Amino acid sequence: MKFRAAILTELKQPLVIEEIESGPLRFGQVLVKIHCSGICGAQINEIEGAKGPDKFLPHLLGHEATATVQEVGEGVTSVKPGDRVVCHWRKGVGLQGPAATYTSKRFPHINSGWVTTFSEYSVVSENRLTRIPPDFDAEAGALFGCAATTAMGVLNNNAKLGIGESIVILGTGGVGLNLVQFAAMAGAHPIIGVDLHDHKLELARKFGATHTINSRGINLVEEVRKIVGAAGADVAIENTGLADLIEQAYEMTAAQGRVILVGVPAKSARHPSIYTLPLHFQKVLTGSEGGGCRPEVDIPKLVRLHQAGRLKFDGLVSKRYRLDDINEAIADLKQGRAAGRCIVWMDESPSA
Ligand SMILES: NC(=O)c1ccc[n+]([C@@H]2O[C@H](COP(=O)([O-])OP(=O)(O)OC[C@H]3O[C@@H](n4cnc5c(N)ncnc54)[C@H](O)[C@@H]3O)[C@@H](O)[C@H]2O)c1
Ligand SMILES: [Zn+2]
């Protein structure tokens, strides 16, 4: 089957949009039609080569989307043609098929992962798909692929946030704003959002931040302590991967507080330096892998919350783009112009 896709052909370069072709489905693979996909900070890191050289080039990208199943490969039992699904990067139920490969006129071999979403159609492994109701909001569904499930898992599983605990969320972008929303839902107080951009902080307030701090040119640790008290914050969630912020998150947290690292650090950047003794006395510093979320358990919970009107994404989707404009979306995200998540629509949307 032939369809259009955005391909990463070279690090630090715009994605190339062209027609690609998929072959027959293999065991455990599913062909889906992508409706819309979010752009996660993870893709910015991939494009920038944050983890070092990329041996898979050229390859496809994207790991959160809403889609409809078109065709299933041998062995697939959890989804069928016509099902509306969330495409997610965490493993869910079903088979793990081989990562799909594609061809195009210019590239005889294009790699992808078990899930990629920056294309009109995609061949996805069964275990990266979770069914949602047929009429479920496509943009909310896309966020359930990473941003929302990661945030939910970080609070539930990594931070184990309790009612009345103080929390600082460093970086209020796509994942951070979801963290703010869930922290408010979980009864944390105060909820402090930190970012470099006032328009993002304004949005953080709308989603439940009780305080916001623009971290440009200030002593962030002092400012946080003014709000939470000298003992420090119960929880700090770091969403930038920057050494300075990781160090500050560690410092601003209470003696027995929890620091959770969500942002992915660049391999070539300075690595954080911390005084580790507090870790001997129950202070916790840990990284998160997708919040340890379980798509088959957590996505249905998010669907119910959304249907009950408890989860809102108005404003969290900052701008909608067409596949042809995906490089503009990536630039908006990188340069901080997008307040929340950028959503790329592959098919018709009333709002695109
Ligand atoms: N651990 C995981 O499983 C997991 C899951 C999803 C995303 N991530 C990672 O989390 C990070 C955030 O992802 P996202 O999709 O929310 O990206 P994003 O770009 O939407 O958000 C990052 C936010 O950090 C802010 N920021 C950048 N530098 C800052 C600074 N010096 N001080 C304060 N704020 C600053 C930006 O303005 C932005 O609002 C990325 O590194 C991504 O790869 C990790
Ligand atoms: Zn992601």
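Mentor: A polar contact is a pair of N or O atoms within 3.5 Å; within protein, one must be able to donate a hydrogen and the other to accept it, and residues adjacent in sequence count only if both atoms are side-chain atoms. This is a predicted model, where local features need pLDDT of at least 70 and side-chain atom pairs pLDDT 80 or more, while totals for chains, interfaces and linings use all residues. Residues are numbered from 1 along each chain, chains are lettered from A and ligands numbered from 1 as written, and side-chain values use heavy atoms, without hydrogens and water.

Trainee: What makes Lys 200 a polar contact of ligand 1?

Mentor: A polar side-chain atom of Lys 200 lies 3.0 Å from an oxygen atom of ligand 1. The limit is 3.5 Å, so the pair counts.

Trainee: Why is Cys 40 called buried?

Mentor: Buried means under 20% relative accessible area, exposed over 50%, partly exposed in between (1.4 Å probe, protein chains only). Cys 40 has 6%, so Cys 40 is buried.

Trainee: Why is His 63 classed as buried?

Mentor: Its relative accessible area is 11%, so His 63 is buried.

Trainee: Why does Tyr 275 count as exposed?

Mentor: Tyr 275 has 59% relative accessibility, so Tyr 275 is exposed.
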